[in-house]
Amino acid sequence: MEAIMNFIQATGFYQIVTGDWKVLIMMVIAFVLLYLAIVKKFEPLLLLPIAFGMLITNLPGAEMYHEILFAGGHVNWEFFGGQPITQEFMNHLQELGVSDAVRGTVQVGQSISVGLLDVLYLGVKLGIYPCLIFMGVGAGTDFGPLIANPKTLLLGAAAQIGIFMTYAGCRLSTLFNAAQASSIGIIGGADGPTAIFVTSRLAPELLGPIAVAAYSYMALVPVIQPPIMRALTSKEERQIVMRPLRQVSKREKILFPIVVTVFVALLVPSAAPLIACLMLGNLFKESGVVERLNKTAQNELMNIVTIFLGISVGATATATTFLSLQTIAIMVMGVVAFGCGTAGGVLLAKLMNLFLKEKINPLIGSAGVSAVPMAARVSQVEGQKANPSNFLLMHAMGPNVAGVIGSAIAAGVLMALFG
């Protein structure tokens, strides 16, 4: 009977009944996200592994992820080696403001058996996965539209206003400190890897809800953006036809990633890892001499890293940290971030038209949020609704890829200020 009771007490069912019922809520949330990824196809490539990571990290007894190993914003390497938790360490976490719930997951003298997700999460914590994702993105990105029409770089920059307005809103709410507000603001860049990279550096305790918000709202770009675009533009503005872009030479495409890497790394050194990987991937593509590396970056490497990134990010969404007032505020501010970013790009395009002889269709300004290429497609769809003969996709790709660069630079600025 003792052996049977030991088995029963070791099951997850017993631990749910006698432990924290909040894990059931997290499991339901994971099921909802799986539904959105599989049935509704909302950013399934990352939302599906994130949802599954959220599910398995909240299964009682699985012991695949331990928040305490990363508590305080650092990798606590000594406990990866099996050293017991010390009272000095617990006191240090209390001084750093680590919540009672997280500290309560272990006891003094306890040794931690490192789980699978603890190991995979090191790639997020050390900034490896987001940079490798950027390399794959660069390998599949054509910067030609941006090179052909450099003015669109300003539209990509203007769309980053959503990041800084959201930062201001978070600070005014008094719910978040400067580092946390910076991480939430990056959601407005509509760039999931950048949001993960910044959050893992500045506010790792918020990684779960920020990642879910970033990728959920990226999937909802076709829903969030059009009402804002129509509200800020007249029908005549939406009907503006832009002439075809000039042909960009191979030399320009090769020089572009090299020049951008040097300039951005010197201007904002903290953004160098993201920009360098993005431009290296693009150089693979445009040089034409490393086709194998280009295909690997776009396909095999990108797919493997996406799996690891999604599962490990989802693992951080534990019941102790996800179910809070802060999470609700993050979801609300995420919408604000996307809305402000969209409005910033559109309004700057309207302002530029006051001084330009050759007018810009303001709809392409909304593509300055770096949801590539979804935001550019939204501009194309809205443009064709106003004028069926209008083709804005390639024009919108200019601010769209500029937004990728802009969000990385904004991330670097915030990390330099608050890192």
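The model is predicted, so local features need pLDDT of at least 70 and side-chain atom pairs count only at pLDDT 80 or more, while totals for chains, interfaces and linings use all residues. Residues are numbered from 1 along each chain as its sequence is written, and side-chain values use heavy atoms, leaving out hydrogens and water.

**The whole chain**

Let's start with the big picture. The chain has 25 helices and zero strands; helices (H or I, at least four residues) and strands (E, at least two) are DSSP runs, numbered from the N terminus. Here are some values for the chain as a whole.

| Property | Value |
|---|---|
| Box filled by C-alpha atoms, along the principal axes | roughly 85 × 45 × 40 Å |
| Residues that count as buried | 54% of 419 residues |

Buried means under 20% relative accessible area, with exposed over 50% and partly exposed in between (1.4 Å probe, protein chains only).

**The nonpolar core**

Now step inside. A nonpolar core is a set of buried Ala, Val, Leu, Ile, Met, Phe, Trp, Tyr and Cys residues joined through side-chain atoms within 4.5 Å. The largest one has 129 residues, and Ile 68, Phe 143, Ile 184 and Leu 309 have the most contacts inside it. Helix 25 (residues 393-418) gives this core its largest share, 11 residues.

Phe 143 shows what such packing looks like: leaving aside residues up to four places away in sequence, Phe 143 touches Phe 256, Leu 278, Met 279, Asn 282, Val 401 and Ile 405. Contact means heavy atoms within 4.5 Å.

**Helix 9**

Nine of the 12 residues of helix 9 are buried, so this helix is largely enclosed by the rest of the structure. Among the buried ones are Tyr 129, Pro 130, Phe 134 and Gly 138. The buried residues of helix 9 pack against several helices, including helix 8 (116-125), helix 14 (192-202) and helix 25.

**Ile 311**

Finally, meet a single residue. Ile 311 is found in helix 21 and is buried, with a relative accessible area of 19%. Its contacts, not counting residues up to four places away in sequence, are Pro 49, Ile 50, Gly 53, Ile 56 and Leu 117. Val 378 lies 67 residues from Ile 311 along the chain, and the C-alpha atoms of the two are separated by 29 Å.
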